[in-house]
Amino acid sequence: MIPVLFFVILITFVLMHQAPGGPWDREGRQLSPAVVNNLNIKYGLDKPLPTQFWLYVWGAAHFDFGDSLQSPGQHVSTLLLESWPYTMTLGAVTFVLLVPIGIGLGVIAAMRQNSIADYSAIGFATVTASTPNFVVGLFLIILLSLGLNRLTGGTFYLPTGGLPEPYNPFQLQLIMPVITLGALPTAFIARLTRSSTLETLRQDYVRTAWAKGLKPRLVVMRHVLKNSLIPVVTALGPTFAFLVTGSFIVETVFAIPGIGRSFVTSIESRDYTMILGTTLLYAGLIALMNLVVDVLYVFIDPRVRLT
Amino acid sequence: MASAVGVAAQVDWDVPEQTGLWQDAWVRFRRNKLAVAGLTLVVALVIIALGARLPATPGGLWKILHLTGDPFQQNVINTLAAPTFQHPMGTDILGRDVLARVLYGSSISLSIGIIVQFLILTIGGSVGMAAGYFGGRMDNLLMRFTDIMYAFPDLLLVLVFVAAFGPSFWSIFIAIGITNWVGLARLVRGQVLSIKEKEYVEAAIMTGSSPIKLILKHLLPNSLGPVIVSLTFGIPAAIFTEAALSFLGIGIRPPEPSWGVMIEDGYAAIFADPSLVIFPGIAVALTMLSFTFIGDGLRDALDPRMRR
């Protein structure tokens, strides 16, 4: 995990400093060269790039991610902590909802293969899997905000964004962002669960379970589900990555002041330390999540042994 | 001996007509109605996109293929117009014809989506091939690098990359290429590793085939099916990335009518005229869906295990 994060810093660092323009470029009024020079000295941007790089790595190893270049005097970690609750609330609510819904849809589709329920679940999964999430979000705005408002004669509308309350999963502001963020991974999980359940249903031990007269609920819960969920657990890592990259777009569509949105703005304004800090945070989260999945795997699948 | 031959000659061997892999695959592909529909739409879009990009030389081919109006022609008296016969999708904030812009935008999405697959094939194919073929230390090194790229959320890297090299068609193109090859590299490596164990490859090695011939004659053709399927599924992913970047304002720059740009423009006026978002939105979704259907169809068609 540490070497991965090191290379993530390296790649981002090299690319970022490749970018034309710097953090002190302003639209309209230009800062005088003397001021730029002083600013560069203050933030250590006058040093040669390799030195800057090692200084950053040294700092990051001690959880010091430097000051933001665009918000003077503000620590990157402070800024990230400020936007963290919004991203976290959105991501957590989505994750908690999408996993059971996706698995449920997949299992139902597989148990009633080639029924209407199966076709509609698969149809839903295929269409949402190939609709960009910002299009989903905007269509939701048109349907639920605009449409609902016109239907109710202007008395009611779903808020299209603004500040959701952190750590509160029950609020109107979250409905559309959660659907937007969760549609694609839900479809992904549903497709995966369906195909792996279909495979499990054909196994000999499942036939044995039916043959010895077990109740359908027991067969499904104890024999089918337990085994067909193994590949789904592996997919939780990529699902998490989906949520991360989805947050850039969803937070922009719904004007949520989270980490994804601040990342997009800091890229536009060449806020080097913010870009590095956010990349590192996301890469670390994803690496951590993959680690958790690996460990979970050992518990679920006894055939896998940690060596 | 002689009698055995005699028996064999008498048996009416039921030899099915010999068909090649590609002929077979095409037959199976045509059976999948959704895939055929997707292919039809994509072919139509390619023709429209080519027509939209033809240099304006009136007459001849241009007259046949140039179906769209001018996507840049502004008309400030007729802004946000409702659909009429003249403007079947209405006009946008600057009075430009939305239909012309949607059709013109297909050229950007399609060219990024399709051409970038060649870059992905070059990078991912050679990394995977080298790792699987040479094995050992080479394999270790390349796969560690692949793992690192895999841990990087791709949109994050694409964003940083496009910021670094400025928002243009080619920087988006290269950014998608250098982030999306990872899956293909893993696939090719797995394919090569499994094919390497096959008897016919051992036989080829024993009869002294050169490595180049081995790769070109045995490894490449036999791993082609899954690679083609993977590349086809890569097309909607690339189209999505371009549209998302343009939507975030970091991709294709206006006034170039990429679908992402149009959706971003329409978003600003979503309460005034939702159709500005709806039409390009449907266009992206439908195009991505078509490629997904084609990919599904190809996967079933090219899988040799599905052969009767």
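Colleague: How many residues of chain B are in contact with chain A, and how many of chain A with chain B?

Modeller: This is a predicted model, so keep that in mind. In it, 39 residues of chain B are in contact with 42 residues of chain A.

Colleague: And the area buried between the two chains?

Modeller: About 3,600 Å². Carbon and sulfur atoms give 85% of that.

Colleague: Which side chains meet in a salt bridge?

Modeller: Arg191(A) and Asp296(B) do, at 3.7 Å from N to O. The rule finds 1 salt bridge across the interface of chain B and chain A.

Colleague: How many residue pairs are in polar contact there?

Modeller: The rule finds 1 across that interface, counting pairs with both residues at pLDDT 80 or more.

Colleague: Which elements of chain B give two or more residues to the side that touches chain A?

Modeller: In chain B, they are α6 (136–151), α7 (154–165), α12 (224–248), α13 (259–268) and α14 (275–302). With 11 residues, α14(B) gives the most.

Colleague: What's the split by class on that side of chain B?

Modeller: Where chain B touches chain A, there are 34 nonpolar residues, 3 polar ones and 2 charged ones.

Colleague: Switching to chain A on its own. What does the domain assignment give?

Modeller: Domain 1 covers 2–61 and domain 2 covers 81–300. Their C-alpha centres lie 36 Å apart.

Colleague: How many residues does each domain put into the contact?

Modeller: Domain 1 of chain A puts in 15 residues, and domain 2 of chain A puts in 11. The area buried between these domains is about 1,200 Å², with 79% from carbon and sulfur atoms.

Colleague: Which three residues of domain 1 supply more of its buried area than any other three?

Modeller: Leu5(A), Met16(A) and Tyr56(A). They supply 41% of the area that domain 1 of chain A buries against domain 2 of chain A.

Colleague: How many salt bridges between domain 1 and domain 2 of chain A?

Modeller: The count is 0.

Colleague: Which elements of domain 1 give two or more residues to the side that touches domain 2?

Modeller: α1 (2–18) and α3 (49–61) of chain A. Of the residues on that side, α1(A) gives the most, with 7.

Colleague: And by class, what is on that side of domain 1?

Modeller: On the side of domain 1 of chain A that touches domain 2, 11 residues are nonpolar and 4 are polar. No charged residues are found there.

Technical notes:
Residues are numbered from 1 along each chain as its sequence is written. Chains are lettered from A and ligands numbered from 1 in the order in which they are written. This is a predicted model: local features need pLDDT of at least 70, side-chain atom pairs count only at pLDDT 80 or more; totals for chains, interfaces and linings use all residues. Side-chain values use heavy atoms; hydrogens and water are left out. Domain bounds come from an automatic or database domain assignment. Contact means heavy atoms within 4.5 Å. Buried area is the accessible area (1.4 Å probe) that two parts lose on being put together, summed over both. A salt bridge is a side-chain nitrogen of Lys or Arg within 4 Å of a carboxyl oxygen of Asp or Glu. Helices (H or I, at least four residues) and strands (E, at least two) are DSSP runs, numbered from the N terminus. Ala, Val, Leu, Ile, Met, Phe, Trp, Tyr, Cys and Pro count as nonpolar, Asp, Glu, Lys and Arg as charged, and the others, Gly among them, as polar. A polar contact is a pair of N or O atoms within 3.5 Å; within protein, one must be able to donate a hydrogen and the other to accept it, and residues adjacent in sequence count only if both atoms are side-chain atoms.
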